[in-house]
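Open the model in a viewer and keep the selection tool at hand. The tour below goes from stop to stop, saying what to select and what is there.

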Amino acid sequence: MKLVAVTSCPTGIAHTYMAAEALEQAADAAGHEISVETQGAAGATPLTAARIAEADAVVFAADVDVRDKERFTGKPTVTGSVKRAINDAAGLITEAAASAESAATAVSAGTASSGAAGSAPVATSPARTQHVALSFGSQLRQWLMTGVSYMIPFVAAGGILIALSFVLGGAEIAAIVNGGTFQGTEYPGVSELSNLFAEAGFAGVLFKLGAEAFSMLVPILAGFIAFGMADRMGIAPGVVGGLIAVAIGAGFLGGLVAGLLAGAVTLGLKQIKVPRGVAGIMPVVVIPLLSVFVVGFAMLVVVGGPIATVQSGLTDWLSGLAGVNAILLGALLGAMMGFDLGGPVNKVAYLFGTAALASDNLTVMAAVMAAGMVPPLGLALATVIRRKLFTQPERQAGEAAWLLGLSFITEGAIPFAAADPLRVIPSTVAGGAAAGATSMAVGSTLMAPHGGIWVIGLIGNPFGYLLAILVGTAVTCGVVVGAKYVRRSPGEPAAQAESSTTAPQAVAA
Amino acid sequence: MSDLITADLVDLDLTGEDRHQATAALATRLAKHGRVTDVEGFLTDVRAREEQMPTGIEGGIGIPHARSAHVTEPSLAFGRCAGGVDFGAADGPADLVFLIAAPNGDEHMTILASLARRLVHDSFKNALRTAPDADAVVTLIEKEVLGR
């Protein structure tokens, strides 16, 4: 059996090496191969990625944090103190061998459970060759799923709070809290947060809470994608990059960019070899400072400008389409609504709808809202009729997505789109386009800028409108199921995807 | 740099009521031979490490150690204590005490690392227990640790 180990103690001059020696002796005596990384004062020679990949189990003999622990994610792991390794190395080796065997059994029996990172025997994915051959694609997917799984509670809590505020306070609650026009009434908005309850009532509080939770959605997504890639050091640049994605209106796609960039930059900075005297301040000052600066600068300056340009270009282009066929316009706006689910393109379409509403063109607003309701609904439906195509976190997101979709909270689809953008975005675009076109075709109207099913009383031709939503939902569901079947390789079963929500293996050693 | 250990740094009749006294006796030897500039300061650093977790290892070994600004070069003081001194190991007192003094900085740490690695070998420990005199101890350690 092949084992790897890391030893580490507070001073790094004695126990680290004694433990390493003891483990090597014990493994040798038991007929196993072992490579030990001594994270001590004499400097650690890192285990090679290949050595880690082919290992059947991992031993941590450490009294202080193991550095770069994420390299070992997914491996059966045995943890002990350095003293345990020195006094009872044979016992640790036996445990490691046993956990490797039980993990292998669990997998062959098809019962691989999702492993909580860091704790004792963690189920691993089927064959160890799979670790070696972990393709960039599946690694990318693991990173994205890590971000998505941390984001989902924010989507669920924020979305349901906002939906409840609509139910209790009517769709005008958004205007009451934030200010704006609703049904011809001008609301000043709540200026002092301390007056929120008095002026906007309980529904106003729910709306505000939901909006705050939603404001963290993209930062958390970006932060934890970077965490998946580069461990704790990734969180700061990821979150800051995500905040900037929000500020520049880049939406969740901007969040994906920020998260991946932050992870890559942090991984790169961690590779830099520095003298030991400087090494101490690397994780404290240097890496956070540089990674936040690089990611923030890129998002603000390099990404921010083009997004604003594209938005104003799209807005001009839409205004130039005034005379175009109504059904075509509905399809186009619907596709835009579904493209980035609250991102810059979606915003352009939505603002086009509200501008039309202000000039009493009520059909455009109706088409926009129908298309915005479809993505969460279609994906929720897909998680029900083809459960196996979705990971556990996605199924949970699906449960909340029903209410979010009905409430015209398009963001409910983000967890799906962020985890698997290339398959999900085409489905939300197609579904949105179908809903927008159908709504135009049946001539539905809407006199409110938002509210979803809760403003059904303000919708003209409600049955036609429901038809539009049903058509869009069916299209999104059909396309996403088809896409997930087509591109799914045989080596990518749902069970593996399920266990991939924890931090994945890092790229480099 | 001079040798890791010399005969002057070996005490085959180490005594001490407890680990602090035994450690202090060895530290005094280090100071007398210019390896430690400030015995009290060095002992404070050793105690700080000892308080994180006792350094006793099963099999009669105590390895008080520290990286300290008061150390001039990587040094080992070795004591053999017939009566045993408690270093907090689960199986009782230590009769072999290794006081490892490391300066701040990175150099020569590999020597201490290879010393630490030898300590888990029974043959090495038994040879130290039966070594007739201080010179034999030094020769043994140089052979095992430095390979010469």
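Contact here means heavy atoms within 4.5 Å. Helices (H or I, at least four residues) are DSSP runs, numbered from the N terminus. This is a predicted model, in which local features need pLDDT of at least 70 and side-chain atom pairs count only at pLDDT 80 or more, while totals for chains, interfaces and linings use all residues. Residues are numbered from 1 along each chain as its sequence is written, chains are lettered from A and ligands numbered from 1 in the order in which they are written, and side-chain values use heavy atoms, with hydrogens and water left out.

**Stop 1**

Select residues 136-169 of chain A, helix H6, and residues 196-215 of chain A, helix H8. On the H6(A) side, the residues that meet H8(A) include Phe154(A), Gly158(A), Ile162(A) and Phe166(A). Among their partners in H8(A) are Phe202(A), Leu206(A), Gly210(A) and Phe214(A).

The axes (lines fitted to C-alpha atoms over the stretch in contact, with angles from 0 to 180 degrees between N-to-C directions) come within 8 Å and cross at roughly 155°. H6(A) is therefore roughly antiparallel to H8(A) (angles over 145 degrees count as such, and those under 35 as roughly parallel).

**Stop 2: H10 and H13**

Next, select residues 235-247 (H10) and 282-319 (H13) of chain A. Here the axes come within 9 Å and cross at roughly 20°, so H10(A) and H13(A) are roughly parallel to each other. Val240(A) and Ile244(A) are among the contact residues of H10(A), and Val295(A) and Met299(A) among those of H13(A).

**Stop 3: H19 and H20**

Select residues 421-442 (H19) and 462-486 (H20) of chain A. These helices pack at an angle of about 160°, with their axes 7 Å apart. H19(A) is therefore roughly antiparallel to H20(A).

**Stop 4: between the chains**

Now show chain A and chain B together. How many residues does the contact take from each chain? It takes 20 residues from chain A and 26 residues from chain B. The two chains bury about 2100 Å² between them, 62% of it on carbon and sulfur atoms; buried area is the accessible area (1.4 Å probe) that two parts lose on being put together, summed over both. Select Ile13(A), Met18(A) and Lys83(A): they supply 29% of the area that chain A buries against chain B, more than any other three residues.

Two salt bridges are counted between chain A and chain B (a side-chain nitrogen of Lys or Arg within 4 Å of a carboxyl oxygen of Asp or Glu). For one, select Glu21(A) and Arg117(B), whose closest N and O atoms are 2.8 Å apart.

Conventions. Helix = DSSP H or I, 4+ residues; strand = E, 2+ residues; numbered from the N terminus. Parallel < 35°, antiparallel > 145°, perpendicular 65-115°, else oblique.
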